[in-house]
Amino acid sequence: MALKYCQGPKCHTYTTQDRLKGIKGSKTFQTRRRSSFYYGNDNFCSLNCQNDWFDKHGDQAINHFGRTTEVKHLTEENAWVKDYDYNYRDDNPKSNYRSVNKITKEQRPLTESQYDDSTYTLNER
Ligand SMILES: [Zn+2]
């Protein structure tokens with residue numbers, strides 16, 4: 001599996017033993033390389049490195065992708081969230097997946113495939 005680099009701009013400056021690499025006499029602290037990372041959508045080796053990236057690039061990224069400049073409203077039309085009944089038992093024929101409107105509290109049943117489909121929503125877009 002291909003290794004990738006932690007995107008933290010200061011990753012190599014954290015002097016942990018696992019970052020110390022190279023041949024004897026010329027070892028350096030190096031950016032962590034892993035097949036996968038736990039943080040920041042698989043881009044950072046630690047929350048620290050993720051925060052370093054945001055400190056350095058966050059404003060630029062927000063400006064690039066669009067800064068929120070006015071209040072947003074949660075309305076009946078976009079207040080649908082998916083919910084799951086954790087007490088569901090196999091002998092219970094009722095679907096354990098549902099959409100719940102956070103404003104009106106209305107509930108509508110979902111199929112498992114609708115629940116699993118990240119693009120499926122009752123919200124207006
Ligand atoms: Zn890192």
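This is a predicted model: local features need pLDDT of at least 70, side-chain atom pairs count only at pLDDT 80 or more; totals for chains, interfaces and linings use all residues.
First stop, lysine 82. Its relative accessibility is 29%, so lysine 82 counts as partly exposed. The residue belongs to strand β5, which covers residues 80–84.

What does lysine 82 touch, beyond its neighbours within four places in sequence? The contacts are Arg98, Leu110, Gln114, Tyr115, Asp117 and Tyr120. Look at the side chain of lysine 82. One of its polar atoms has the backbone oxygen of aspartate 117 at 2.7 Å. The backbone oxygen of tyrosine 120 is 3.1 Å from a polar atom of that side chain. Now take glutamine 107. From lysine 82 it is 25 residues away in sequence, and the C-alpha atoms are 9.6 Å apart.

Second stop, the zinc ion. Which residues supply its protein donors? They are Cys6, Cys11, Cys45 and Cys49, each through SG, at 2.2 to 2.4 Å. The angles between the four donor atoms run from 106 to 114 degrees, so the arrangement is tetrahedral. Along the sequence, the donor spacing reads C-x4-C-x33-C-x3-C. Cysteine 11 and cysteine 45 link distant parts of the chain, 34 residues apart. Cysteine 11 sits in the loop between β1 (4–5) and β2 (20–21). Cysteine 45 sits in the loop between β4 (33–34) and α1 (47–65).

Are these two buried or exposed? Cysteine 11 has a relative accessible area of 0%, so it is buried. Cysteine 45 comes in at 11%, so it counts as buried too.

Key. Residues are numbered from 1 along each chain as its sequence is written. Side-chain values use heavy atoms; hydrogens and water are left out. Helices (H or I, at least four residues) and strands (E, at least two) are DSSP runs, numbered from the N terminus. Buried means under 20% relative accessible area, exposed over 50%, partly exposed in between (1.4 Å probe, protein chains only). Contact means heavy atoms within 4.5 Å. A polar contact is a pair of N or O atoms within 3.5 Å; within protein, one must be able to donate a hydrogen and the other to accept it, and residues adjacent in sequence count only if both atoms are side-chain atoms. Donors are N, O and S atoms within 2.8 Å of the metal (3.2 Å for Na, K and Ca); water is not among the atoms, so sites may look incomplete. Four donors count as tetrahedral if all angles lie between 85 and 135 degrees; four count as square planar and six as octahedral if opposite donors are over 155 degrees apart and all others between 65 and 115; anything else is irregular.
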